[in-house]
Structure formats: structure tokens, C-alpha cells
Amino acid sequence: MAFLFELSESVNPFQGLIVLSVTILILSLFAVSKNKVIKKCLTALVLFSTAAAFLLNIHSYALCGNFSGFLIFFGSVQMLEIGIIIFSAVNVLFFITMNRKTEGNFVKELILFVFMLICAEFIVISSNFLLMFTSLSIFILTVFQLVSTLNSSSGEMVTHILRFILRPTLTVIFFFSGFSMLYGAQDFKNFSQVLESGDLSNPFISISLILFGIALFLYFFLFPLQGPYIKMIKRGSSASNAVIWFLYFPVGFFLFLKLGSLYSYFIEENNIYYSAILAVAALGFMLAGNIGAVSTKSLRRMKSFLFLFFISAFLFNISMYSAGIINKGSMGLFNFLNILIILFSFMPLYGIFSSIEEDKGKDSLVSIRGLGRNNIYAGINIVIIFLSWSGLIYYLKPFMNFFNGGNFLDMGVIGIALLIFFLICFVFLAINVLRILICIYKKASGGADGEKQEKILFPKFLYVYITFFSIVIIVTPVVYLLGRMGIDIAFIDFCISEFSF
Amino acid sequence: MNFQLMVFFNLILLLIGVFGIFYSRDIISVFVSLQFIIISGFINFIGFSRFLYQHSLWDKIFIISGVTIIYFLLFCIIYYLYLKNDAPETEELYEEFKIFRIKKEDWWGEDGI
Amino acid sequence: MSFISRLIIILINYISIIGLLVCGLFALFIKDNKRKLLFLFLCFLFAGLLSFVYYSDILFFTAGIMMLFFFMLLYLFVLQKDFFRRPGSGDPGKEFKVPARSKILNIIIPFLCCAAAGYFIYEYVSGFLKGVKVAEDGGNIFIADWSDISNYFFTNYSLVLIIITASLFMSFLWFLAVKAREK
């Protein structure tokens, strides 16, 4: 045992990565296998190794604390980010297994998936530019490989996959260009050196930051360049959509957080034009996402537009910070809450809607009509999940501080504009949610012969899956309220109301 | 040899690449335009190394790994295109393919299926 | 360094810069795909020449290998595409027609955007560049050789090397997966 602990300390903080690499080695021995039993065993192995990576990630932080090396930095935020990535990876694994377990390439897809997870973890822990760039490029390469393999049965997807993947490729190339500019400013090797140098007014640094900004804009498919992403989601297989939503976007967001400290330097300069551009961009993206969702009847399009809305909310957080409404710590908290809302609401919704889609064979709002009446349990769960979006009201709290104690006009023009536009976006979001809920609780239209529509049934494990998320969604605000009321909850050592960055 | 000339020349190459991405109508031209941005980054690295830090190895390391990975990514994309060349709809890639084409259907209404 | 050697290097520098720019513009605007790729390849040769001038010739040989693979595949692809053109699109008269107005706008709008961006960057950078201290030309020249680079690579960046190698292995599996489906 002592030997194991010694070994664990010597490879800190790579324990999780080593477990995943060993899994890849084992999987590659069976890469061409088509045996059903072997496939099941290998899926279980991947699940166990991700669970082990999750635990080792927390364990290594608890044991050794922060770790800082030439290439990597591993702290509490990184531990949290890796935890979130592994959690979403487990869900993606669930969707891949559901949709692809009968395919001949299933084991190869599993290998690519685990490797993608490794690259994602490297992006999170990397501090050195070279490791960051390499892991980002390979992550995008693996996303391309996995998505193309998951959609290999459909010939018409080729164009859409190529259109989709050229944007992240451009991101990689812009990052290369940006790093070359940073090299011109000084012989920097990581972002903390750039911050420590104190000479951020250097034009090369500014140009490289603009290039990184453009690269991230392309990566997230923000308005008005969302076309390839929407088309891809509309036509892609369920498994590939899960990969894009729950791995590609969160990892991009964590990459963005890495650059956040540099951008916040410029925000702290308090340039009014900078704040205004950020505010207009954030609100434009949010509004466009919601309007796009209102104007369509396709469920997939609605979901992907709403996803874009939540992604744009990150930009809204930054613009609130740049307008001086919240501080840097609150911005970090808002960002993390936002990503948790995205994952905990979209995953069960995705499970339910993709199951209905497979059952009915079409992707339309009409196919979920009468779901709430036919299948009361699923209806209640969907309502609970949508109710979690009302948590977006927490955005109003920092604005309310100006109304309660301080002067309303202290918010500034940008602050007032942010508040008004946020309310408009929120109304649009409510319209979208109501639209889906009304459709769910509407009377199901009769079939062609006037017969009553059949009950919509899901696989049993999906009930367990959505129940888990609903319980989390219900328990979280209850724990928060109890914490606010000062009631001690003995079973966990963690209080949400006191959680801060 | 002039440092300023090198910097401005690289900026021009970068802008030519960006212009090419907007201008190109088929996928081969898009690939050609991407090369300009890569070359610009490449020359930036070696130029800065030559003019500012003569004993640095960082640029060489970055270029060797960076260029290898970027070209490997592009190689995989071309391989995929090569393999699926007969698939329906791929013809569109050689005739009317703009990387930043914005259509009304991208954000309003349905997209034709 | 003698005066003549310095002069030769400066001449090669200017020739490669001009060659890069001219070939680049040709590669961008020529319609024939094979010639386009030819000019692009010339561009890369000039970039390689520049790497000699900037004492980084090692990169021409190491980074060039992957570029060559990419070029070979791209060139093969273009050749195959030209050879097996579909009957409908083979006829030049039936090519995708774009209205003249949209063609002109397609050039002017990106050009204006890039020109504006270029102007702002020029304004922003030019003042700063005048104050930059450039290394003297007459001092000792440091030309990195492969042993320096590999030493540096293996001591500090072995992790990067492992990831790149692993990605090559994964891609091999992907080549198999995509190819198998095609059958």
C-alpha cells in the first residue's frame, strides 16, 4: 500500500491521465473486436476508468494541493474543471453506448473518446503555450475524428462535417499566429509570465489577444456565424451531437477562462468602448439565439439555439464585470453556475428528446405533443428541468443592489442597457420554454384514423437518468435556502451560499 | 535586412490569408488561404528569433510541433474529403463553398429539411 | 561576416519576400487548381529560403516533411478531382454562375475590411517598432542544430512529444474506422 502511495505521489497530478492511458492500451488490444460481450466489458472498463480518473483527480488535489511545473499548473479551479469534464464525459459515454453499441467501429470510437478526454484534461492543466497549443490542436483533431466516425453511416453529412470542422481548424491556425505575435513581445512561455511582465500595452500582446479573441469567436460559432453548427446538429447522429454539446463547448469555455486573466487586465483599464462592444456583442448573441429558437419548429434547432444563448451568457458575465456591476470573483462564480446549469438541464432534455425522436422518426415540436398527458412522470421532470432555468434570475441580483441601497444611476448607461436587454432576452427565453411546455401539455392530435395516440414510452434507464438530474435540481435550491436560513446541514461539509471564487 | 519590414510583411501575409478566406469560393482555395496565415506565423517566429533573441530555441520547438500538428490536422481533413469524394452534396464544396456564408435560414425559420 | 556575404543574405532576403508575395497573390487568384497549388508550393519554397536567411534552416527539413505529405495528398486530390469530373460539371459553360455584382462585392468588402484592419495595425505598431532594439548583425551567429533542438525537446517537452505520437496512433485507428465504413 505504501508503495502505491509513493507511486501516486511521484506521478502527481497525472494519476487520472495514467489510468485513462492504460484504458486506451487495453482497449486497443480489442480495437477490431465485434463481439457483443467484449464490447459490454470494454464499455464497463471505460466507465470505471473515468470514475477512477474523477476520484483520483480529487484525491491528488487533496493529497498534494496545488502543483506547478514547467508545463502544467494544477490548482483548485483546474480540479473543478476536470471534474466537470469527466462528469460530462460519463454522460456522453452513456449516449454513445446507447446509439452505437451495435456498430462495428464501437471499440475504435471508445478509444477516440477516451483519448479526447485525455486531451481535454491536458488543455485544462496546461500552462505552457506549447502544451496548450498541442493539446488544443489534438483535441480538435480528435473531435473531428470522433464526429466523422459517429456519422459515418450518412453520406450527406460529409459537407456539413467539413463546414463545421474548418472553423475550429481556423481557430488552431489563429492561435498559432497569436502565439507567434506573443513571442515577438517577449520570450514568454506562459500566460502568467505575460501578466507578470506588466508591459501589457505592448502592441504585439494586444494583436495576439485580438487574434485569440477571433479564434474563440470562431470556436464557439457565435452569431452570425452559427450556420455550420446548426446544420450539423440538425442532421448529425445523436451521439455526435452529445460530443459537440457536452465536450467540445465546455472545453472551449475552459480554454477561454485561461485567457480570462489577460482580458480582465484590459477590462480593468475601464475603457468605455471596450465595455460597450462587449455588451452589444453579448446581448446580440443572446437575443439572436432566442429569436432563432422562437422562429423554428425543429426541436434540434431549438435546442442548439438555446445552447448558443447559454454560451453567450458567458460573454454577458464578462460585460457585467466590465461595466462594473459585479466583481471578478462574482464573474467566476457566475461562469461556473452557468456551465452547471447548461450541463444539468441540457443533458436530461437531450436524453428525453432524442429518445422521442428515435421513437417517432422525426424532429419536430409536433412529436412531443401530448407527452405531459401521456407520460405524466416525464412531463413533471421536464417542467422541473425548465424551472432550473429560472435560476437565471440570479443575474438580476447585482442590478438590484443599485435599486436597494445605492443610486440607480450609478449603474451607468451600459449597466442600464444591459439590464433592459437582459430582461428582453429573459422574456424571449420564457416564451421558448412556454412554447415547449404548452406543446407538451396540449391534447395529442389523433392519428389518421382518429384513433387515440399511443403512450410515449422511454427505456427504463432513461427514467433513472432524468430522475437523477431532477433530484439534483430540486435539492440544490433547498440546500441553498437552508444554508441562507442558517440551518446546519450535517451530512455535507459544504455550503453553497458561502461558495465563492 | 530590416525588422520593421519583416513585421509589416507578416501582417500583410496574415491579412492576405484573412482576405482569401472571405474571398474563396471553393474548398481548395480556402485551404490555400489558410496556408498564408500559417506562413505568416512561421516567419513571425523565425524572424523574431533572428532579430530579437538570437540564442532562443523556443521558436524552433514551437514550429516543429505546431506545424506538424496543424498539417496533420489539415492532412486528416483532406484524407476525409478524398475518401468521401463520391458522397452526395460534396460537389457543392468545389463550386460554391464559402467558409463565412451567412444565410437567412441559419438563424430564422427552418433550413430546408 | 564579410560585406559580400552580408550583401548576398540581404539579396536573398528581398528576393524571397518578393517571391513569396507574388506567388502568394498568384496562388490566391488563379482559377486553375493545379497551377494554384504549384504557386503555393513555390510560396513554401520561398518561405524555406527565408528560414535559411534567418538562420533556422533546420526547420526547412523537419517541419517541411509534414508539409510535403500534406501537399502530396492535396495535389493527388486535385488531380483526381480534375480527372474524374462529373459529367454535369465538366462543361465549362455549365459552371456555377455567380452574378457580376456579387462577384465585385465579394472582392471589395473583404478587401476594405482587411485594408482598414491593416491601416489600424500599422498606425498602432509603427511607433512602437521604431523603439525596438534589434540584435546586432555583426556579432556571433547562433545556428541551432538538431542535437540542440532534440536535447531541449527531450529535457523539457517530452510530454508534448508523447501526446503527438499518441495522436498519430489514434489517427491510424481513425483511418481504419473511416475506411472500413466505405467498403
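Two residues are in contact here if their C-beta atoms, placed from the backbone, lie within 7 Å. In this predicted model, that criterion brings 21 residues of chain C into contact with 23 residues of chain A. On the side of chain C that touches chain A, the elements giving two or more residues are helix 5 and helix 7 of chain C. Helix 7 gives the most to this side, with 15 residues. By class, the side of chain C that touches chain A comprises 17 nonpolar, 3 polar and 1 charged residues.

Chain C also meets chain B. This contact takes 58 residues from chain C and 54 residues from chain B. The elements of chain C that give two or more residues to the side touching chain B are helix 1 (3-29), helix 2 (33-53), helix 3 (57-83), helix 5 (100-130), helix 6 (146-156) and helix 7 (158-182). Among them, helix 3 of chain C gives the most, with 13 residues. The residues on the side of chain C that touches chain B divide into 42 nonpolar, 10 polar and 6 charged.

Helix 3 of chain C is also the place of C:T62. Is C:T62 buried, exposed or partly exposed? A residue is buried if 20 or more other C-beta atoms lie within 10 Å of its own, and exposed if 12 or fewer do. C:T62 has 15 C-beta neighbours inside 10 Å and therefore counts as partly exposed. In sequence, C:T62 and C:W146 are 84 residues apart, while in space they are 9.3 Å apart, C-alpha to C-alpha.

Conventions: Residues numbered from 1 in each chain as written. Chains lettered and ligands numbered in written order. Predicted model: local features only at pLDDT ≥ 70, side-chain atom pairs only at ≥ 80, totals over all residues. Helix = DSSP H or I, 4+ residues; strand = E, 2+ residues; numbered from the N terminus. Nonpolar A, V, L, I, M, F, W, Y, C, P; charged D, E, K, R; others polar.
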